Amino acid sequence: MCTGACSKFVAIPLYILAPVSIICNIMLFFPDFDTKYAASEETPQITEEVKYMGGLIGGGIMVLIPAIHIHLTSAKNCCANRCGMFLSIGFAAVGVLGAVYSLSVAALGLSNGPTCLWSNADNPLQWGAPFAGGNGSYLADKAMWSWCKEPENVVEFNVGLFSTLLVAACVELVLCLIQMVNGLFGCICGTCGKE
């Protein structure tokens, strides 16, 4: 496979994964598909890691922009030359940074769990993150999920979306690393276009 074809192979999945990350991050702002939690000013009712916007900034914008340039390196008479491949290394490095940021935020969001109105036998009804500091142990114990009273099904909502962000970031990371190696080969050996 020549370096231009490999660039196309890398760019097309990045075009899909970047919007998936953006959509997941935006959806996390609206637990139970309701705007009242995002609009609340009295106490924080949105999971803290959502505000870091790992999916929007890291897995979204910081991956989408490199995907555009990486795709251009596969097009003839555009950037499919040694200089274009060299630049794709830098763009892919930006994608790696974005994917690592998204991966870190998603892992932290899964580990700390959601912010919700919760109570259990030891604590009265209050807003907070009941699973923070538990190293994600709530993920294996579904009985603990009933501690969250409002928003309804917020634990499942957060676990599903943060898991999607985590998987998307892992795939983005691998693809951008592949493009860095591909760009190096394209820069040293040239592209298939005999340039």
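Q45 touches K36, Y37, S40, T115 and W127, with residues up to four places away in sequence left out; contact here means heavy atoms within 4.5 Å. Q45 is found in the loop between α2 and α3. Helices (H or I, at least four residues) and strands (E, at least two) are DSSP runs, numbered from the N terminus. Q45 counts as buried because its relative accessibility is 9%. The classes are buried (under 20% relative accessible area), exposed (over 50%) and partly exposed (in between), with a 1.4 Å probe and protein chains only.

The model is predicted: local features need pLDDT of at least 70, side-chain atom pairs count only at pLDDT 80 or more, and totals for chains, interfaces and linings use all residues. Residues are numbered from 1 along each chain as its sequence is written, and side-chain values use heavy atoms, with hydrogens and water left out.

The chain has five helices and three strands. Their order along the sequence is α-α-α-α-β-β-β-α. The C-alpha atoms fill a box of roughly 70 × 30 × 20 Å, taken along the principal axes. The radius of gyration of the chain is 20 Å, whereas a compact globule of 195 residues would have a value near 16 Å. This radius is taken over C-alpha atoms, and the globule rule is 2.2 Å times the number of residues to the power 0.38.

Buried residues make up 44% of the 195 residues. The accessible surface of the chain comes to about 9,600 Å². Carbon and sulfur atoms hold 68% of that surface. Areas come from the Shrake-Rupley method with a 1.4 Å probe; for residues, only the protein chains shown count as cover. Among contacts between residues at least 6 apart in sequence, 75% join residues at least 24 apart.

The chain carries 8 positive and 13 negative side chains. Lys and Arg count as positive and Asp and Glu as negative; His and the chain ends are not counted. The centres of the two sets lie 21 Å apart, with each charge placed at NZ of Lys, CZ of Arg, CG of Asp or CD of Glu.

The largest nonpolar core has 21 residues. Such a core is a set of buried Ala, Val, Leu, Ile, Met, Phe, Trp, Tyr and Cys residues joined through side-chain atoms within 4.5 Å. Those with the most contacts inside this core are L28, F131, Y138, C148, V155, F162 and L165. At least two residues of the core come from each of α1 (3-28), α4, β1 (116-118) and α5 (154-189). Helix α5 gives the most, with seven residues. Apart from this core lies another, of 16 residues, among them C6, A11, L175 and C176. In soluble globular proteins, nonpolar side chains tend to be buried together.

F162 touches L28, T47, E49, V50, V105, A106, G109 and L110, not counting residues up to four places away in sequence. S21 lies in helix α1 and counts as buried because its relative accessibility is 0%. Beyond its neighbours within four places in sequence, S21 is in contact with G55, L56, G59, G60, L165, A168 and E172. C24 is found in helix α1 and counts as buried, at 6% relative accessibility. With neighbours within four places in sequence set aside, C24 is in contact with L161, T164 and L165. C24 and A169 are 145 residues apart in sequence and 12 Å apart in space, C-alpha to C-alpha.

F86 has its place in helix α4 (residues 82-112). F86 is exposed because its relative accessible area is 51%. F86 and G160 are 74 residues apart in sequence and 37 Å apart in space, C-alpha to C-alpha.

Most residues other than glycine have a negative phi, and most peptide bonds are trans. F33 has a positive phi, near 55 degrees. F33 is found in the loop between α1 and α2 (36-39) and counts as exposed, at 65% relative accessibility. M53 also has a positive phi, near 50 degrees. M53 lies in the loop between α2 and α3 (54-72) and counts as partly exposed, at 28% relative accessibility. A cis peptide bond joins E150 and P151, with omega about -10 degrees. P151 is found in the loop between β3 (148-150) and α5.
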